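Q: Could you walk me through this one? I'd like to start with how the strands pair and then move on to the core.

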Amino acid sequence: MSNTNDKTAIAVVEEIMNRDSFSRWLGIKVLEAGEGYSKIQMEIRDEMLNGLGIVHGGIPFSLADSAFAFACNSRNNLSVAWDTSITFTKASKLWDILTAEAKELHNGKSTGLYIVTITNQRNEQVALFKGTCFRTAKPLI
């Protein structure tokens, strides 16, 4: 059952997706959204591969960045990335389905800390993303 906070998170994610052509180009599907949390998924297409035949590093980073944005804005407090990093643990290939799950570690007045785990369709971790956001104290919607 969805609570009021989840309804706010879902409305925020819908608004971000409506404004975010890049996330739509990635083919992101929102699986779950809640307060301080999101889970999204996408499939690797040919145009996302680098010259080595594996996914370009910007693709899983971008997937994680979107999951991070959904989670840190979930309370309708406009939040922007302040610091991010990613560690790649396994290469992704054509037609892999990547899932990014963002979890909140800290929800402060002016900052938030999130960890995003990216797995493939075999539930193998392919990357780990850490993001710190800055909260503007302005509503997003």
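A: In this predicted model, β2 and β4 pair in the antiparallel sense, and the pairing runs over 7 bridges.

Q: Which residue stands opposite Lys39 there?
A: Opposite Lys39 stands Glu101, which belongs to β4.

Q: And how many bridges between β1 and β2?
A: Strand β1, covering residues 29-34, pairs with β2 over 5 bridges, again in the antiparallel sense, and within that pairing Gly34 stands opposite Tyr37 of β2.

Q: What about the hairpin of β1 and β2, which residue takes a positive phi?
A: That is Gly36, with a phi near 70°, in a hairpin that has 2 residues between the strands.

Q: OK, switching to the core: how many residues are in the largest nonpolar one?
A: The largest nonpolar core has 32 residues, and those with the most contacts inside it are Met42, Leu63, Val116 and Ile118. The elements that give two or more residues to this core are α1 (4-19), β2 (37-43), α3 (58-72), β4 (97-107), β5 (111-119) and β6 (125-135), with α3 providing the largest share, 8 residues.

Q: What is Ile118 in contact with?
A: Leaving aside neighbours within four places in sequence, Ile118 is in contact with residues including Pro60, Leu63, Ala64, Ile86, Leu98 and Val126.

Q: Last one: is Thr132 buried or exposed?
A: Thr132, which lies in strand β6, counts as buried because its relative accessibility is 16%, under the 20% cut-off. Not counting residues up to four places away in sequence, Thr132 touches Phe68, Val80, Ala81, Trp82, Asp83, Gly112 and Leu113.

Key:
Residues numbered from 1 in each chain as written. Predicted model: local features only at pLDDT ≥ 70, side-chain atom pairs only at ≥ 80, totals over all residues. Heavy atoms only, no water. Core = buried A, V, L, I, M, F, W, Y, C linked by side-chain atoms within 4.5 Å. Buried < 20%, exposed > 50% of the residue type's maximum accessible area, 1.4 Å probe, protein only. Helix = DSSP H or I, 4+ residues; strand = E, 2+ residues; numbered from the N terminus. Contact = heavy atoms within 4.5 Å. Pairing = 2+ DSSP bridges.
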